[in-house]
Amino acid sequence: MTHRTLVRALLTSAVLAAGVMLAGCDSDQISLAQNAKANQPVPPKLVAAMVEKDMDMQSPILVRLFKQEAELEIWKQTRSGQFALLKTYPICRWSGDLGPKVREGDRQAPEGFYSINPSQMNPQSAYYLSFNTGYPNAFDKSLGRTGSELMVHGDCSSRGCYAMTDEQIAEIYSLGRESFFGGQKAFQFQAYPFRMTAANMAKHRNNPNMPFWKMIKQGNDHFEVTKQEPKVDFCEKKYVFDAVKAPDAVRDPVFNASAKCPAYVIPEEIASAVREKEQRDDAEMAKLVSKGTPVARLNTGIDGGMNAIFASKIPEGNTGLSEGGDSQALASMSLARAPGTIPGTVNPPRPNLAVQQEEPVVATTSSTPPASTRVASANASDKSEGFLSSFARKVGIGGTADASKTATPTQAPAAAAPAKPKVAEAKPQSVLRVAPKAEPKQAAKPAPKPAVTNTAAAAAPAATSSASTQLAGSAPVVQTNSFDGRFSAVK
């Protein structure tokens with residue numbers, strides 16, 4: 001006990017002397033002073049699990065995280081020297097997409113290998129407790145990636161972070177704290193888009209992030225075959241795992257993320273085991289692809305994910321990009337106890353409606369040429385009809401033609417209405433400014449015919465000039481609405 005107290009005092013003094021000030025997810029302020037939250041004991045159930053798995057309270061830990069499964073794992077070193085899984089925590093909320101963080105403000109939660117030292121632990125976080133992931137690492141910086149204060153914290157709220165409940169982060173924080181008190185200088189944080197299985201790799205084979213994912217999968221494989229924390233280095237803008245000096249080298253290799261790789265080797269016992277695993281995974285992936293494993297749909301604007309256990313507790317909850325989001329799975333979990341308190345302010349993942357509308361808008365616009373045909377036809381008949389047919393129509397004899405004109409604006413808005421967001425982004429803004437102004441003035445007039453003719457004349461060149469683009473349908477949308485508005489008094 002005396003030794004433990006001394007180590008704890010020395011660590012606390014060293015951290016206080018450093019005077020490091022960090023921020024986390026926009027508002028974390030750290031003073032590094034100890035408090036009740038940061039000093040919560042490791043829960044008795046976890047202590048019992050450590051005893052059962054032959055782990056010491058203060059042995060080193062390692063953290064692994066998977067976005068798609070929305071799970072965070074705590075691994076702890078056993079007395080044999082290898083790491084074993086201690087506990088898996090469902091993630092309450094993560095933001096962004098599957099894939100690495102690239103720039104400040106992109107809302108992406110980072111992926112890759114990071115190192116967490118005592119100065120990155122934040123006992124005074126505005127999100128209960130937290131630790132800084134250490135993004136960007138040397139690899140990220142070599143690619144010009146930007147971002148800061150990417151945390152794992154409580155409060156179940158994320159803007160580029162990984163958010164747990166307060167109860168969960170209290171446990172995770174206590175495990176990290178005890179590992180530091182036991183002498184661990186830093187613990188490794190591995191963040192993945194999904195579990196690096198052959199099935200998941202086959203499912204996401206067409207994702208543009210696949211080269212990066214294959215690279216960090218090597219680190220995953222090193223850990224899984226050795227159950228040891230892989231040594232991580234960077235050179236030539238790539239990750240290198242478990243590198244050691246060559247047999248004939250005098251000095252250890254010096255790595256620079258942006259420079260050419262130095263001479264190094266990977267211990268044969270590790271290299272051969274990793275190679276065998278990669279061959280098995282590649283063979284399994286090839287088999288799955290040949291069987292027609294469907295490709296995962298790329299994100300269409302959904303912001304991040306949430307574990308199903310949390311989504312099942314929230315009205316209209318959704319797992320977003322995480323697994324288990326079908327209604328049956330959520331219903332089956334509705335009676336299960338959530339691992340912590342879910343704040344009333346939590347926002348489950350939601351589709352970006354503006355982004356999602358673009359697909360149906362394009363399809364609707366391109367598939368509704370009849371709308372433009374009807375409008376053009378109606379206007380054309382006004383210009384080309386002879387005197388007798390015009391007179392007949394005016395006295396009520398030509399009812400069929402008139403009815404068809406009246407029906408046209410009634411049908412067209414239903415198909416064209418969803419295209420309004422697309423039109424708002426389109427280049428022909430001048431058409432949009434003219435048409436809405438004319439509608440309220442002309443709608444009440446009993447003789448809208450000249451206005452319709454002018455509108456049709458303006459529409460003709462616009463439709464012709466944009467016929468080769470996706471926005472070709474934007475002109476009919478405006479014309480249909482204008483036609484409908486101007487003739488609303490006649491209906």
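Me: Why is histidine 153 called buried?

Reply: In this predicted model, histidine 153 has a relative accessible area of 0%. Buried means under 20%, so histidine 153 is called buried because its value of 0% falls under that limit.

Me: What makes the approach of the histidine 153 side chain to the backbone oxygen of serine 157 a polar contact?

Reply: The side chain of histidine 153 reaches that backbone oxygen at 3.4 Å. Histidine 153 itself is found in strand β8, residues 151–153.

Me: Which residues does UniProt place under "active site"?

Reply: The unreviewed UniProt entry places this feature at His153 and Cys161. Cysteine 161 lies in the loop between β8 and β9 (162–163).

Me: Why is cysteine 161 called buried?

Reply: The relative accessible area of cysteine 161 is 1%. Since the limit is under 20%, cysteine 161 is therefore classed as buried.

Me: How do you know that the span of helix α7 is close to the expected one?

Reply: Helix α7 (residues 268–290) has 23 residues, and 1.5 Å a residue gives an expected 33 Å. From its first C-alpha to its last, α7 reaches 32 Å, which is close to that value.

Me: What do the buried residues of α7 pack against?

Reply: They pack against α5 (198–203) and α6 (210–226). Among these buried residues are Ile270, Val274, Lys277 and Leu288. After α7 comes glycine 292, whose phi is positive, near 90 degrees.

Technical notes: Residues are numbered from 1 along each chain as its sequence is written. This is a predicted model: local features need pLDDT of at least 70, side-chain atom pairs count only at pLDDT 80 or more; totals for chains, interfaces and linings use all residues. Side-chain values use heavy atoms; hydrogens and water are left out. UniProt positions are given in the numbering used here, feature names are shortened, and annotations may be inferred rather than shown by experiment. Helices (H or I, at least four residues) and strands (E, at least two) are DSSP runs, numbered from the N terminus. Buried means under 20% relative accessible area, exposed over 50%, partly exposed in between (1.4 Å probe, protein chains only). A polar contact is a pair of N or O atoms within 3.5 Å; within protein, one must be able to donate a hydrogen and the other to accept it, and residues adjacent in sequence count only if both atoms are side-chain atoms. The expected span of a helix is 1.5 Å times one less than its number of residues. Contact means heavy atoms within 4.5 Å.
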